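Here is a short report for a reader who is new to this structure. Start with the sequence and the model, then read on.

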Amino acid sequence: MATTTTDIDADTHHDHEDHHHGPEPGLMRWVKTTNHKDIGYLYLWFAFGMLLIGGAMAMVIRAELFMPGLQFVEPQFFNQMTTMHGLIMVFGAIMPAFVGLANIQIPTMVGAPDMALPRMNNWSFWILPFAGAMLLSTMFMEGGGPAFGWTFYAPLSTTFAPDSTDYFIFAIHMLGFSSIMGAINIIATVMNMRASGMKLMDMPLFVWTWFITAFLLIAAMPVLAGAVTMMLTDRNFGTSFFDAAGGGDPVMFQHIFWFFGHPEVYIMILPAFGIVSQIIPTFARKPLFGYSSMVYATGSIAILSFVVWAHHMFLTGMPVAGQMYFMYATILISVPTGVKVFNWVSTMWRGSMSFEIPMMWAVAFVILFTIGGLSGLMLGIVPADIQYHDTYFVVAHFHYVLVSGALFSIIAGVYYWLPKWCGRMFNEKLATIHFWWAVISVNVLFFPMHFLGLAGMPRRIPDYGLQFADFNLIASLGGFAFGLSFLLLAYIVVDCIRNGKVVKEARVWESAKGLEWTLPTPAPYHTFNEEPSRELILKESSHTGDNH
Amino acid sequence: MQSKDQYYVPEGSYWPIVGSVGMAAMLGGFASSLHGGIMGTGIMILGLVIILFMVFGWMGQVVHESESGLYNKQVDKSFRIGMAWFIFSEVMFFAAFFGALFYAREFSVPWLAGEGNNMWTGKLLWPEFKAVWPLIEMPKPEAFVVPKAVIHAWEIPALNTMLLLASGATLTWAHWALYNGKRDQIIYGLMATIALGVLFLGLQVAEYAEGYGHLDLKMTSGIYGSTFYMLTGFHGLHVTLGTIMLICILMRVIRGHFDADNHFGFEAVAWYWHFVDVVWLGLFIYVYWFV
Ligand code: HEM
Ligand SMILES: [Cu+2]
């Protein structure tokens with residue numbers, strides 16, 4: 001709540017205190033900071049920490065599934081692992097990592113000095129460690145942590161859940177609050193801090209996709225908050241939202257959850273589309289093909305994502321008319337998704353391609369994400385989904401889109417922008433090894449899951465029949481290898497920051513375009529103190545020729 | 001958009017981390033108290049106090065910076081965008097509960113009574129159950145508190161509707177006065193709005209007392225009681241917050257803050273109040289009236 005001064009001259013007198021000094025020394029810099037880069041780095045490190053924790057849980061899962069029979073963990077604990085793994089990866093790793101990239105990159109890409117609401121930006125981040133700790137603490141409570149799957153369906157999560165579930169509920173509230181504030185900040189930054197010479201259709205695609213994602217977040221996260229609030233009162237205050245005996249319905253939980261949940265999966269993939277759309281033109285040395293169709297496709301996906309949710313619920317006994325509607329709507333959403341894939345391929349078509357590390361990840365993204373999209377199409381077809389639902393085929397699908405999709409794009413983005421951030425180049429030899437190691441192992445890990453699912457192996461079960469043994473063994477081996485690859489990634493990043501070869505060129509990648517590459521390397525603490533001109537913006541547009 | 005040759009980036013702040021600590025303490029304490037943790041309630045209250053301390057400290061700092069002329073038009077616009085989309089997120093929060101209400105009325109209750117292709121659901125689970133709305137007798141009445149009746153729309157709720165609508169008008173009257181620089185009128189308009197808000201809350205309390213005391217309409221009264229208290233409860237909470245914010249704005253007006261060009265704080269609270277108003281209309285129509 002505040003008013004403002006009428007004239008802008010009034011704010012010139014204080015600029016010496018705020019603008020021109022560097023970061024404050026010591027640890028408090030990170031606690032108090034209002035700097036978008038500081039906050040972005042905090043987000044990225046937090047996400048990486050959570051990725052390792054969630055990854056360790058995945059290792060437990062794959063160890064247990066290495067062989068048929070129960071080896072290492074109790075079934076109850078196994079269920080806690082699948083639950084926490086999913087929650088931590090979605091809310092602790094992927095989403096914060098994207099917000100971190102948005103924080104660092106968006107102001108530099110729209111020619112702004114910082115995010116629009118820097119203090120709120122700090123708060124969005126500093127809620128996360130508390131929420132993450134609360135979520136993780138449930139595992140050490142009496143009765144164990146949540147074990148009902150990351151989708152926490154009622155009545156498993158209401159009537160039959162441990163006491164710790166209430167801590168889980170509040171952790172979700174906090175995470176949601178943080179996401180909403182982060183999204184508001186991104187919207188305000190794009191709308192209000194963008195250089196005045198940059199029209200909407202001049203914006204780089206990473207900015208566009210995040211802008212649209214922010215609206216998805218603001219619309220979807222409060223619904224999740226509503227869902228967990230109803231869980232809370234059902235559990236503790238005797239309401240009967242999800243209890244048929246009182247006139248409610250456990251299936252209603254699924255509707256509300258997936259009304260959030262499906263937009264949520266697009267929240268995790270639209271920024272990925274943005275990153276890949278930045279990288280591919282750089283290394284294909286061509287303007288992005290079909291810039292405006294990319295923008296419209298992103299918008300259509302966002303709108304459609306709110307009207308397809310019940311494709312997760314085909315087997316809940318919904319009327320046939322409902323199944324038909326949700327099937328066609330789901331299939332429809334793959335049209336704009338396909339437009340994007342074709343645009344990336346057309347951008348590369350006859351380009352002067354070179355395969356630097358970020359480009360390799362981007363190309364891997366295009367291929368592997370497409371595999372995930374195709375299995376999604378299969379799942380969207382009702383008669384087929386009757387067979388596939390709740391099997392490892394679904395697990396294969398969403399890991400292709402989320403791991404070799406969303407996560408790969410994050411890694412691609414980090415490799416692409418890291419030299420800009422720290423003014424040093426990573427060890428390209430090691431990074432090449434890392435790339436092949438990860439790409440091969442991720443496929444060894446997830447591809448066999450398609451076969452397992454088609455053959456009928458159910459998900460979220462710690463034991464399985466002998467006929468599934470071989471593919472599970474292969475998947476587990478791939479899983480351990482993939483898990484190890486993240487230690488290599490950690491080494492590469494730390495090594496780059498500490499000892500990497502110094503890079504001085506502003507344009508780290510020779511044909512990269514965008515305002516971020518006009519800033520000195522390493523990127524200065526405060527981004528743009530003066531607004532970049534329209535000529536510069538047009539010159540730096542990664543899609544000139546297509547749109548101008 | 002104004003010229004941007006000078007940008008404003010605020011200095012670092014401890015308030016966010018204070019807010020996070022408060023939030024974690026409040027929610028963690030609450031969860032603990034739900035399961036008989038001895039310290040739970042204490043920690044929850046401590047957390048709430050920390051949050052209040054944070055809100056007043058943070059807002060106080062912002063008001064101070066604003067009054068000392070640090071902000072420019074761009075900052076003002078960022079605040080506006082932020083507030084507008086925050087309110088939209090609140091709309092979606094209420095949408096979840098309205099969704100639950102519609103779902104129960106249109107689907108789950110009729111289905112439980114065997115409508116559509118759910119004949120066996122009705123026959124096998126609770127064959128006695130009849131679908132009516134408002135749902136007095138739930139499928140398994142012995143497990144719940146069966147109310148004697150529900151709150152009638154044309155008594156307190158209708159009066160409350162008038163009060164809130166009137167408060168929207170008095171607030172707009174104050175807003176006009178702000179544009180025309182009539183400070184007395186701003187103060188009277190705000191006072192009237194606050195009074196109407198407080199009156200609304202008082203009547204809401206009376207209504208709850210009626211529900212709990214005489215009608216046996218409780219949160220534990222099946223899906224009707226659940227949706228009723230969830231929707232009106234969260235709405236009441238928002239009216240409470242809105243009233244507190246209006247009081248803050250009133251005090252600022254008395255201290256001479258705001259003028260025709262600069263009154264984001266005033267306007268944000270006004271938007272919020274109108275939003276709460278609109279939610280109430282939805283409540284009145286779907287919770288009380290069309291039953
Ligand atoms: C081409 C577009 C896509 C289509 C047609 C599609 C379709 C589907 C369908 C029908 C299901 C439900 C399967 C079942 O439970 O039986 C599903 C599950 C899932 N999808 Fe997709 N999907 C698509 C893209 C994506 C993307 C881009 C993501 C995330 C980045 C994603 C993430 C998920 C997740 C996480 C689940 C599993 C949820 C769970 O039950 O735990 N999908 N998808
Ligand atoms: Cu979906």
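## A residue at the meeting of two chains

Apart from neighbours within four places in sequence, A:Ala225 is in contact with A:His173, A:Gly176 and B:Phe93. Two residues are in contact if their C-beta atoms, placed from the backbone, lie within 7 Å. A:Ala225 sits in helix α7 of chain A. Helices here are DSSP runs of H or I with at least four residues, strands are runs of E with at least two, and both are numbered from the N terminus. A:Gly176 is 49 residues away from A:Ala225 in sequence, yet the C-alpha atoms of the two are 6.8 Å apart.

Is A:Ala225 buried or exposed? It has 23 C-beta neighbours inside 10 Å, so A:Ala225 counts as buried. A residue is buried if 20 or more other C-beta atoms lie within 10 Å of its own, exposed if 12 or fewer, and partly exposed in between; the C-beta atoms are placed from the backbone.

## Source and numbering

This is a predicted model: local features need pLDDT of at least 70, side-chain atom pairs count only at pLDDT 80 or more, and totals for chains, interfaces and linings use all residues. Residues are numbered from 1 along each chain as its sequence is written, while chains are lettered from A and ligands numbered from 1 in the order in which they are written.

## Chain A as a whole

Chain A has 17 helices and 2 strands. Its C-alpha trace spans about 65 × 55 × 50 Å along the principal axes. A compact globule of 548 residues would have a radius of gyration near 24 Å, and the 23 Å of chain A agrees. That radius is taken over C-alpha atoms, and the globule rule is 2.2 Å times the number of residues to the power 0.38.

Of the 548 residues, 60% count as buried. Take the contacts in chain A with a separation of 6 or more: residues 24 or more positions apart account for 83% of them.

## Where chain A touches chain B

The contact takes 72 residues from chain A and 82 residues from chain B. On the chain A side, α1 (15-18), α2 (28-32), α5 (118-137), α6 (165-193), α7 (205-236) and α8 (250-267) each supply at least two residues. Which helix gives the most? It is α6(A), with 11 residues.

By class, the chain A side has 36 nonpolar, 24 polar and 12 charged residues. Ala, Val, Leu, Ile, Met, Phe, Trp, Tyr, Cys and Pro count as nonpolar, Asp, Glu, Lys and Arg as charged, and the others, Gly among them, as polar.

Helix α4 of chain A covers residues 75-110. Its 36 residues should span 52 Å at 1.5 Å a residue, and its end C-alpha atoms are 50 Å apart, which agrees. The expected span is 1.5 Å times one less than the number of residues. α4(A) bends by about 35 degrees at A:Met89. The bend is the angle between axes fitted to the seven residues ending there and the seven starting there. Of the 36 residues of α4(A), 33 are buried, so the helix is largely enclosed by the rest of the structure. A:Gly111 follows α4(A), with a positive phi near 75 degrees.

α5(A) has 20 residues. From first C-alpha to last it reaches 30 Å, close to the 28 Å expected. α5(A) is mostly covered, with 16 of its 20 residues buried.

A cis peptide bond joins A:Thr521 and A:Pro522, with omega about -10 degrees. A:Pro522 is in the loop between β2 (501-502) and α17 (534-539) of chain A. Chain B has a cis peptide bond between B:Trp133 and B:Pro134, with omega about 0 degrees. B:Pro134 is in the loop between α4 (119-124) and α5 (156-180) of chain B.

A:Arg285 has a positive phi, near 55 degrees, and is not a glycine. A:Arg285 lies in the loop between α9 (270-284) and α10 (291-304) of chain A. With 13 C-beta neighbours inside 10 Å, A:Arg285 counts as partly exposed.
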